[in-house]
Each structure stands twice: as structure tokens, then as C-alpha cells.
Amino acid sequence: RDVNTTIMELLIMVYACKTSCAKSIIGVIPYFPYSKQCKMRKRGSIVSKLLASMMCKAGLTHLITMDLHQKEIQGFFNIPVDNLRASPFLLQYIQEEIPDYRNAVIVAKSPASAKRAQSFAERLRLGIAVIHGEAQDAESDMVDGRHSPPTAKYVAAIHPSLEIPMLIPKEKPPITVVGDVGGRIAIIVDDIIDDVDSFLAAAETLKERGAYKIFVMATHGLLSSDAPRLIEESAIDEVVVTNTIPHEIQKLQCPKIKTVDISMILSEAIRRIHNGESMSYLFRNIGLDD
């Protein structure tokens, strides 16, 4: 609920263990906070790197996490990072809980998540569809004051001959679905479901194209703000998330939210690290695109 307090508590506990001469300090953080802020936007900061540096400086010697937003975040750490995958649990849910999953199609709600959808589709031996044409920007560039143009007088004072070429604005093409979803079950896959607007828009598009059932599968169910209410009122039939983040309150607000337990793989990772055993067993049948 209060992520910054939790981070600070973690750092203090790690530092206390370090100053008490602990042999090894292993952090188990199923959902790595600030993981969406892992890329440079304009001249913004990469907050994931800051968090990684703080954890290493505090004294962590090993990190266990799950489905990082970008795998490259592991490179921000100076310690071993085990980035476990939830996809085997979600695939098992599809096979066991969706009766006629053979008539399903795996959907990527944007071209950016097509690799993950392809990985799911190949292992389930299903078709794939990609929704193209929705708004890709998670944050609006207009809300940031740094994008305000300087006054003409100020520019001229520094660079009298400077002429910055005008950028051509992006035009969003009309929404299209690449792939056939008519009369099929649509399963939208992603790593994080937080702001549900893009999922709702994708569900509406799929309904218009003839999909008769819509499932959303994601590892981390942040479901912040009024996401449960929006899901309840939407065309989505079921939202399946893992328990990397507690979401009991959201489940009470929306019966469509289902939980897959992934505690088993975390406990096995802890046991294997403690006993010095190989971790590769936990990554069997994991695709490169997961």
C-alpha cells in the first residue's frame, strides 16, 4: 500500500543485518517497485537504477524477483539476480481452468507485448493476434514542465543562428486487429495490470471483432485506484493475476479477479540458494521472450 515506506524498511533491515556481520543477505521482492521506470524518457531519470544502487549499497548479496518489466534491469545490480517467471503457472491455469482453450487465441494489446504473446502461443500451440493503433504513451508528455518551449528571447540570446527543426507529430492509426479472433476466446497477456484503460479498450475492440470470451493474464496485479470497478463493468470475463502483490481488497470489489499462487517457486528458489544448489531447474521450459 505504501511502497516507499516498505522500501525504506527493507533497506534499514538489510543494513542492520550487514552491520551485524550476516554471511549473506537475500532479498525476496516478487514485484520490484519502480520497475516501469527503467528506460530514459526524454531527459528523465531511470529510477530502477537508483533503487538497485540503494539495495546493493545497503548490503544485499542476492536478489530473488519475478517477471521484471524489462529483463535488462538485472544489469543495474552488482549482485546476482534471479528473475523467476510466472508463465508456467499462468499456462497451467489456461489449460486447467479454461475448458475449451484450444479454441483460444493469444492477444497482444500492443505491438510492444507481441513477444510475450508469441511465447505463450508457441507453448500452448495456439494462434496469435496483435492489436495495433492504440495510444502507446503511458504518460502524457504534456504534463511535464520540461517539455515547455523556452522563450524566443532566451534562445536567441544563447544561439542567434539556432534553428531547431519542427518535429512531425505522431498520428495514431485507426485501431486494427492483426489476426482472426472471430468466434474465439481471446486471452490478453501482459506482465503488469495497473491502469486498466488500455485493457478495457482492447477488450472492446476484440468484442467488436467477434471474440465471445475475453481473459486477461498478468503476473503483477497492481489494480490501483478504481480498476476493480472498471473491470467489473467491462467486457472482460476474467482477470487472472498471481499473488506477487496482495490484492484481497480488489477481489472483494470485483469477483472477476482470480489469483494464481506462485509461492512454491519462490520458496524453492530460497531453498536452492541457501543450500548452494543449481537454479537452472526453475528456468526449465522458459522461452527467451518470456
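The following conversation goes through the terms used for this predicted model and asks what stands behind each of them.

Colleague: How many helices and strands does the chain have, and what makes a stretch count as one?

Modeller: The chain has nine helices and 10 strands; these are DSSP runs numbered from the N terminus, a helix being H or I over at least four residues and a strand being E over at least two. Along its principal axes, the C-alpha trace spans about 65 × 60 × 35 Å.

Colleague: Why is C38 called buried, while C21 is called exposed?

Modeller: Buried means under 20% relative accessible area, exposed means over 50%, and partly exposed lies in between, with a 1.4 Å probe and only protein chains considered. C38 has 9% relative accessibility and therefore counts as buried, whereas C21, at 69%, counts as exposed. Of the 290 residues of the chain, 43% count as buried.

Colleague: How do you know that there are zero disulfides in the structure?

Modeller: A disulfide is a pair of cysteine sulfur atoms within 2.5 Å, and a search of the whole structure finds zero of them. C17 is in no disulfide, and the nearest cysteine sulfur, that of C21, is 11 Å away. The sulfur of C38 is 16 Å from the closest cysteine sulfur, in C56, so that distance is too far for a bond.

Colleague: Where is C21 found, and what is said about its phi?

Modeller: C21 is found in the loop between α1 (3-19) and β1, and has a positive phi of about 65 degrees although it is not a glycine. Another residue other than glycine with a positive phi is D67, at near 45 degrees; D67 is found in the loop between β2 and β3 and, at 5% relative accessibility, counts as buried.

Colleague: What makes β2 a mostly covered strand?

Modeller: Strand β2 covers residues 62-66, and five of its five residues are buried. H62, I64 and M66 point one way from β2 and L63 and T65 the other way, and all are buried. This can be set beside a general point, that in a regular strand the side chains alternate between the two faces of the sheet.

Colleague: How do you know that β2 pairs with β1 and with β3?

Modeller: Two strands pair if DSSP finds at least two bridges between them. β1 and β2 pair in the parallel sense over four bridges, and the chain crosses from β1 through helix α2 (residues 47-58) to β2 in a right-handed β-α-β crossover, which means that, with the strands pointing away from the viewer, the path from the first strand over the helix to the second runs clockwise. Four bridges also join β2 to strand β3 (residues 81-84), and these two run parallel. In β2, I64 is the bridge partner of V28, while L63 stands opposite V81 in β3.

Colleague: Why is the contact between R271 and E268 called a salt bridge?

Modeller: A salt bridge is a side-chain nitrogen of Lys or Arg within 4 Å of a carboxyl oxygen of Asp or Glu, and the side chains of R271 and E268 meet at 2.9 Å, N to O, so the pair qualifies. Being three residues apart in helix α9 (residues 263-275), R271 and E268 are separated by about one helical turn. Salt bridges that share partners join E268, R271, R272 and E277 into one network.

Colleague: How many salt bridges does the rule give, and which others can you name?

Modeller: The count comes to eight salt bridges, among them E208 with R209, whose closest N and O atoms are 3.8 Å apart, and E233 with R229, at 3.3 Å. E208 is exposed, with a relative accessible area of 63%, whereas R209, at 36%, counts as partly exposed.

Technical notes. Residues numbered from 1 in each chain as written. Predicted model: local features only at pLDDT ≥ 70, side-chain atom pairs only at ≥ 80, totals over all residues. Heavy atoms only, no water.
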